[in-house]
Structures are given as C-alpha cells and as structure tokens.
Amino acid sequence: NLCDHIHFAIKRMKEGLPIHNALLTEIKRFYSHEYQIGLEALQIVEKRTGCLLPEDEAGFIATHIVNAEMGNFNSRGYDIVVMTKDIINIIQYHFQKDLDHRSFAFEELMVYIKHMLRRIITNQMHHGEDEEICALICTKFPAAYDCSAKIAKFILQQMKVQPNMEEIAYMTLNINRAMRDK
C-alpha cells in the first residue's frame with residue numbers, strides 16, 4: 001500500500017494535483033516519530049525520482065507506518081489518528097486542562113494509547129489481571145476512572161469493541177499519571 005501511495009503521489013504531483021492532508025497537525029503532534037520517518041521518506045523519494053513531494057505526503061506516509069505498527073495493512077491508520085485525537089480531547093475536556101504535548105507524561109500517554117488501540121484492533125487486550133487490583137485502581141483514582149469509562153464508551157461506539165476491566169484499569173493509571181504531570 002505504501003509503495004502504491006508513493007507512486008500515485010508522484011504521479012499526482014507531476015500532474016499538478018497534490019492532495020491536502022487535513023490531519024497533518026494531529027499526525028505531527030501525536031505520531032511525531034512516524035511523521036519524522038515520513039519526512040525522511042520524502043527526501044529519499046526526491047533523491048531517487050527528482051520529485052519533491054509536499055509535507056502533507058509525510059503525514060500520509062506516517063499513517064501507513066501507523067497501519068504497520070497496528071499490524072493492520074488496510075486503511076485504518078487515518079482512523080487511528082482521528083481516534084487518538086478524540087481520546088486526547090476527551091481527556092482534556094474531562095479534566096478541563098490542556099495536556100503539555102512536550103512532557104514525558106504526555107509521551108507515555110501517547111505510547112499507551114497507541115498500544116491500547118493496537119490491542120483492541122488485534123483483539124489482544126490485557127487479560128488475567130486480578131479483578132481486585134483493577135477495582136482498587138479504579139477506586140483510588142476516581143476522576144481518571146470516570147475519564148477512562150468515557151473513553152471506553154467512545155471506543156465501543158467507534159470500534160464496536162468494549163474495552164475490558166483490565167484495559168480500563170491500565171487506562172486509568174496512564175491518565176492519572178498524565179494529569180498529575182506538572
């Protein structure tokens with residue numbers, strides 16, 4: 001899929017028909033590592049073909065990388081970026097506080113969200129954790145748990161999969177850590 005995308009991107013550029021990436025800002029923010037790889041790919045394409053693709057294409061390449069990271073080789077990468085953005089928005093709205101996108105806690109939260117979505121897509125959610133520990137986590141951090149419950153409902157609506165109690169407990173811990181960060 002990535003090779004086909006690059007081939008058609010070069011063809012579109014030569015025909016004067018570049019495509020705008022509406023999620024470029026989110027891709028840069030939430031998938032910065034994949035975006036950097038996309039920028040490097042643009043340099044390689046230019047070096048080998050003489051065609052300079054626009055920055056938007058680095059974002060599209062990043063979504064292909066997200067697909068590969070998820071073990072999903074069709075077109076879910078764009079949906080994953082949108083879901084990630086929506087989950088971050090749910091967290092910020094719930095706590096009425098912006099997250100510091102440059103903080104280590106935010107980076108940890110992003111890694112968790114990426115892996116959580118991958119586990120949900122591939123049906124490999126956490127299993128086997130002690131239910132008492134999960135209940136204790138959710139009781140100890142009620143605000144983060146309430147937020148996690150909202151996110152679980154959102155995931156159910158969007159992906160038709162209900163995150164289990166273990167996943168919600170891990171989400172609660174990660175959200176609590178990110179919101180404690182100064």
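This is a predicted model: local features need pLDDT of at least 70, side-chain atom pairs count only at pLDDT 80 or more; totals for chains, interfaces and linings use all residues.
**Exercise 1. Compare the span of H1 with the expected span.**

Solution. 
- Step 1: H1 covers residues 2-14, which gives 13 residues.

**Exercise 2. Work out how buried and exposed residues are placed around H1.**

Solution. 
- Step 1: List the buried residues. They are His5, Ile6, Ala9, Ile10 and Arg12.
- Step 2: Look down the helix axis. The buried residues of H1 fall within an arc of 160°, so they line one face.
- Step 3: Turn to the face pointing away from the buried side. Cys3 and Lys14 sit there, and these residues are exposed.

**Exercise 3. Describe the salt bridge between Lys85 and Glu26.**

Solution. 
- Step 1: Take the distance. The closest N and O atoms of Lys85 and Glu26 are 3.6 Å apart. The cut-off for a salt bridge is within 4 Å.
- Step 2: Locate the partners. Lys85 belongs to helix H5 (residues 77-95), and Glu26 to helix H2 (residues 24-30). The two are 59 residues apart, and the pair links distant parts of the chain.
- Step 3: Classify Lys85. Its relative accessible area is 26%, which makes Lys85 partly exposed.
- Step 4: Classify Glu26. With 13% relative accessibility, Glu26 is buried, because buried means under 20%.

**Exercise 4. Find which helices the Lys114 and Glu34 pair ties together, and classify both residues.**

Solution. 
- Step 1: The side chains of Lys114 and Glu34 form a salt bridge at 3.5 Å, N to O.
- Step 2: Lys114 is in helix H6 (residues 104-121) and Glu34 in helix H3 (residues 32-49), so the bridge ties together parts 80 residues apart in sequence.
- Step 3: Lys114 has a relative accessible area of 18% and is buried.
- Step 4: Glu34 is buried too, at 2% relative accessibility.

**Exercise 5. Classify the partners in the salt bridge of Arg102 with Asp100.**

Solution. 
- Step 1: The closest N and O atoms of Arg102 and Asp100 lie 3.4 Å apart.
- Step 2: Arg102 has a relative accessible area of 76% and is exposed, because exposed means over 50%.
- Step 3: Asp100, at 33% relative accessibility, is partly exposed.

**Exercise 6. How many salt bridges does the structure hold?**

Solution. 
- The count is 6. Among them is the pair of Arg102 and Asp100.

Note on methods: Residues are numbered from 1 along each chain as its sequence is written. Side-chain values use heavy atoms; hydrogens and water are left out. Helices (H or I, at least four residues) and strands (E, at least two) are DSSP runs, numbered from the N terminus. The expected span of a helix is 1.5 Å times one less than its number of residues. Buried means under 20% relative accessible area, exposed over 50%, partly exposed in between (1.4 Å probe, protein chains only). The arc is that of the directions from the helix axis to the C-beta atoms.
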